[in-house]
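Q: Please take a close look at one part of this model. I would like a helix described side by side, and then the aromatic residues elsewhere in the fold.

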Amino acid sequence: MYKDGQILLIDKPLEWTSFQVVNKLRWLIRKQFAIKKIKVGHAGTLDPLASGLLIICTGKFTKRIQELMGQTKEYTGTITLGATTPSYDLETAIDQTYDTSHLTETLIQSATQQFIGTISQYPPVFSALKKDGKRLYEYARQGEAVTITPREITIDTFEITRIALPEVDFRVVCGKGTYIRSLAHDFGKVLECGGHLSALRRTKIGEFEVSNAMTPAEFETQLKASK
């Protein structure tokens, strides 16, 4: 059935790359069913420092990857205000700190409105996007300056769900190509105190929800039980 094609909902653990999840599942399926070759791919990368929903397609269903990647996504997470990092998240160390004494709940809540709708966003320099055949993070790690072109993205919902400074929790519903790390960075800029993403979880892709997903370990157990 995996060879014919299936959609698998996986809850990606923290620190795993999306590529590692694909490799693990491909290896498990091949081993379980003694298949020499099977197509396995994911419909939208999640950073190693993020957890949550990863849609895995097998067999003929890999043809649906592009369609699935275009779906609206929902994320929850935490932005830490008062400090920035070059990668806009915890992949790199804090490079600058700022005063947050001017922040109020009203200011934080109202700042979200600047990001609703179709906006222009600069992807992080620490990203897998390619420029002149080289990934942006390769330039960044070598300390090379690179010009990044902003992209048009759509944010339907950006709500703050908890304020416990310097941390603010959020829920975001957005379209394809949105970088939540860039949103965290830009949110800090608007609040004039800097900010970076300190936790991220993808909870939905289109109609698919993380509550219906399983971890790679749970998938392995289920696969072994199906024999």
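A: Start with the outward side of helix 1, where Phe19 and Lys31 are exposed. Note that this is a predicted model.

Helix 1 covers residues 18–33, 16 residues in total. From first C-alpha to last it reaches 23 Å, close to the 22 Å expected at 1.5 Å a residue. The buried residues of helix 1 are Ser18, Val21, Val22, Leu25, Leu28, Ile29 and Gln32. They sit on the same side of helix 1, because they cover an arc of only 135° around the axis. The general rule behind such a pattern is simple: an α-helix has 3.6 residues a turn, so residues three or four places apart point the same way. What covers the buried residues of helix 1? The cover includes strand 1 (5–12), strand 2 (40–42), strand 3 (50–59) and helix 6 (216–225). Just after helix 1, Ala34 takes a positive phi of about 50°.

Now the strands. Strand 11 (residues 167–174) is mostly covered, with 6 of its 8 residues buried. Strand 4 (residues 73–81) pairs with strand 11 in the antiparallel sense, over 8 bridges. In that pairing, Gly77 stands opposite Phe170 of strand 11. Strand 10 (residues 151–164) also runs antiparallel to strand 11, joined to it by 8 bridges. Here Phe158 stands opposite Val172 in strand 11. A hairpin of 2 residues links strand 10 to strand 11.

The model has 4 aromatic pairs. One of them is Phe115 with Phe158: the ring centres are 6.0 Å apart and the planes stand at 75°, so the pair is edge-to-face. Phe115 lies in the loop between helix 3 (105–111) and strand 7 (117–121), while Phe158 lies in strand 10, so the pair ties together parts that are 43 residues apart in sequence. Phe115 is buried, at 6% relative accessible area. Phe158 is buried too, at 4%.

Phe158 also pairs with Phe187. Their ring centres are 5.1 Å apart and their planes at 65°, so this pair is edge-to-face. Phe187 belongs to helix 5 (residues 180–190) and Phe158 to strand 10, so the pair ties together parts that are 29 residues apart in sequence. Phe187 counts as buried, at 0% relative accessibility.

Key:
Residues numbered from 1 in each chain as written. Predicted model: local features only at pLDDT ≥ 70, side-chain atom pairs only at ≥ 80, totals over all residues. Heavy atoms only, no water. Buried < 20%, exposed > 50% of the residue type's maximum accessible area, 1.4 Å probe, protein only. Helix = DSSP H or I, 4+ residues; strand = E, 2+ residues; numbered from the N terminus. Pairing = 2+ DSSP bridges. Expected span 1.5 Å × (residues − 1). Arc of directions from axis to C-beta. Contact = heavy atoms within 4.5 Å. Phe/Tyr/Trp six-rings, centres within 6.5 Å; stacked < 30°, edge-to-face > 60°.
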